[in-house]
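Please open the model in your viewer and keep the selection panel at hand. The stops below follow one another as a series of selections, each with a short account of what is to be found there.

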There are 2 protein chains.
Amino acid sequence: MRSSGLAQKQMIGIDVGGTKIAACLVDPQGRITSSIRRSTDVTSPDATLDSIASTAKELIAMNNIDHHRIDAIGFGIPGLVDSAKGIGIASVNLNWENIPVRAGLEARLGVRCVIDNDVRAGAMGETYFGAAKGLRNMVYLNIGTGISAVILLDGKFFMGVNGLAGEIGHAVLVPDGPLCKCGGRGCLEAVASGPAIAARALEKIRSGRDSVLSNQLTDSSLPLTAEKVFEAAVLGDQVANETLAEIGTLMAYSLQYLALAYDPDVIVIGGGVVQGGSPLIIRIQEKLQQLANDSWVFRKVYTKDLVKLSSLGSDAGVFGAAALVAPQI
Amino acid sequence: MRSSGLAQKQMIGIDVGGTKIAACLVDPQGRITSSIRRSTDVTSPDATLDSIASTAKELIAMNNIDHHRIDAIGFGIPGLVDSAKGIGIASVNLNWENIPVRAGLEARLGVRCVIDNDVRAGAMGETYFGAAKGLRNMVYLNIGTGISAVILLDGKFFMGVNGLAGEIGHAVLVPDGPLCKCGGRGCLEAVASGPAIAARALEKIRSGRDSVLSNQLTDSSLPLTAEKVFEAAVLGDQVANETLAEIGTLMAYSLQYLALAYDPDVIVIGGGVVQGGSPLIIRIQEKLQQLANDSWVFRKVYTKDLVKLSSLGSDAGVFGAAALVAPQI
């Protein structure tokens, strides 16, 4: 597409996962003009940094980009990240702790690198390219194996006093509910994360209910996932639809609190779980609409566009990484 | 104490209520050096402004303060207030709508006036003189007839996109619970406001439970209030203590969400209901401590000093009004 040089405002974003590294070139209109995907080498922190850097180099080489024309490269990293210091504080997926990621990448690549946590990068991606485009006050609710919210106030991350603002995945939603990984009971994460969606469907099937998901129980190589519950719901499966209705109702209560606490422009729901998640979003929106119909106070905060699904789909990770080096809006 | 002139940093605060106007002089150490209390004339907006102004004038005269030495006077006003424009947008208690309060007071008093909503003023009072002294990120949860939170981020009010940030009194806490004034069911306000505390105790008594509060039922001139439930709890009344344990548990869930959403320095609980409210706060803190014991994520946000009762007691209103004209910290 381009034979030489990185056009003035093209962005390079690298999404680092525990198994795959995705690298892409995004143009100012938010289009991916080139992308590659390589395996993550997690045998050691140095090997991981090598595999990240070589993926970036490959993308740069295949697009004939002159190193001197690259302003910076953005990296979305799983786990705890100190963006200002450029440190990967802890990542279970990458098996590293207190790694000077930014310095390691800059040494390997010879260009300025910007790193941040992948969920925060995802939030940035939505405000630059996605469902929150141009909005400066947004909450990004990430639903995956865990649940957490990233908060952008006036275009900047709001972190709270201990850096934990938005950790609403560990607020109790169902008193004495299912055990959460944090040790609590009935936390939002324990009732509405990907594994929790699968667990609730499984419980219904084990109690003898008929479902297209039943074969998942007999074939242990096919564990039941939230994605499969979404697929079954679209096929009209009653167990799947009941599961999503119940979880959607619970999530709506949590989102109502979030909306009343922050009164944001928009709440974007993203994360691995929701890529096929529109059946869940529909349930959430139905319940939120009902709550707004009931309460004149909530009605002043709620519109049908307040809660949206990420519009970046499976590319949310690379868009987010690219947004880390996007020019200021 | 002073024979002439307003010492450099003394502040004048006027707390306007539906029945009483309280005016005071506060010194930089946060001590009230002079105060008076007069009736509010609510026969017309002009009469109300007259009674507010004459109360201020009386305080000024009795302290022999030279008008030229007064920098500004702060006024805490009930209801919706546009502080920037100086408008009293709506107040049920004062029976006014879209009144140019600031201009009216400045015309009557000949000095600069600062007005704000009394709950926001209360939050300011806590950061200048009270339980959040010197802290710049705080949530002030006001519990009275209604429940709402005021949020201070980096020392400034955070209002949200529609000015509704902190209206968590209308987030559903108990699905399908008691009807709320907003039209919703089971909102925090419907289960934990002053009237809701009284209603829950009353329900227990009506179901035949023995309580020192029982006589409240036979004498209609003595309606059961939250204050009386607090008094009975201190006396060891079981119905009162059960009521507060139940409501304290529910409030703890709401406060946990708030703490995880904002990760603030402190959450101060104030408002009319909590002046005798330490029996309730103890219950709230017990439940929060238990939630922190359970969850390692919540434990990173929670300390026993995170949630505090207002330390300004019945003077919170005048302290808040005075804080509106306090020098920047």
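Begin with helix 5 of chain B, whose buried residues pack against strand 9 (138-143), helix 4 (188-192), helix 7 (226-234) and helix 8 (238-262) of chain B. This is a predicted model, in which local features need pLDDT of at least 70 and side-chain atom pairs count only at pLDDT 80 or more, while totals for chains, interfaces and linings use all residues. Residues are numbered from 1 along each chain as its sequence is written, and chains are lettered from A and ligands numbered from 1 in the order in which they are written.

A few terms are needed from the start. Helices (H or I, at least four residues) and strands (E, at least two) are DSSP runs, numbered from the N terminus. A residue is buried if 20 or more other C-beta atoms lie within 10 Å of its own, exposed if 12 or fewer, and partly exposed in between, with C-beta atoms placed from the backbone. Two residues are in contact if their C-beta atoms, placed in that way from the backbone, lie within 7 Å.

**Helix 5 of chain B**

Select residues 194-206 of chain B; the buried residues in this helix are B:Gly194, B:Ala196, B:Ile197, B:Ala198, B:Arg200 and B:Ala201. The expected span of a helix is 1.5 Å times one less than its number of residues, so the 13 residues of helix 5 of chain B should span 18 Å, and the end C-alpha atoms, 18 Å apart, agree with this. Step just past the end of helix 5 of chain B to B:Gly208, which takes a positive phi of about 105°.

Next select residues 316-323 of chain B, where helix 11 is mostly covered, eight of its eight residues being buried. The cover over these residues includes strand 1 (11-16), strand 2 (20-26), strand 3 (32-39), strand 4 (73-77), helix 3 (118-129) and strand 12 (266-270) of chain B. Which residues does B:Ala322 contact, leaving aside its neighbours within four places in sequence? They are B:Met11, B:Ile12, B:Gly13, B:Cys24, B:Val26 and B:Gly74.

A nonpolar core is a set of buried Ala, Val, Leu, Ile, Met, Phe, Trp, Tyr and Cys residues joined through C-beta atoms within 7 Å. The largest such core has 230 residues, and those with the most contacts inside it are A:Val229, A:Leu258, A:Ala322, B:Val229, B:Leu258 and B:Ala322.

Three bridges join strand 5 to strand 6 (residues 87-91) of chain A, with A:Leu80 opposite A:Ala90 and A:Asp82 partnered by A:Ile87. These two strands of chain A form a hairpin with four residues between them, and A:Gly86 in the turn has a positive phi of about 75°. Strand 6 and strand 7 of chain A also form a hairpin with four residues between them, where A:Asn95 in the turn has a positive phi of about 60°.

Now select the five strands of chain A that form an open sheet of mixed pairing in the order 11-10-9-12-13. Strand 11 (156-158) and strand 13 (307-309) of chain A stand at the edges with a single partner strand each, so one side of each is left without a neighbour in the sheet. Inside this sheet, strand 9 (residues 138-143) and strand 12 (residues 266-270) of chain A run parallel and are joined by five bridges, A:Met138 having A:Val266 as its bridge partner.

**Between the chains**

Finally, display both chains: the contact takes 35 residues from chain A and 35 residues from chain B. On the side of chain A that touches chain B, helix 8 (238-262), helix 9 and helix 10 (296-299) of chain A each supply at least two residues, and the largest share, seven residues, comes from helix 8 of chain A.

Definitions and conventions:
Pairing = 2+ DSSP bridges.
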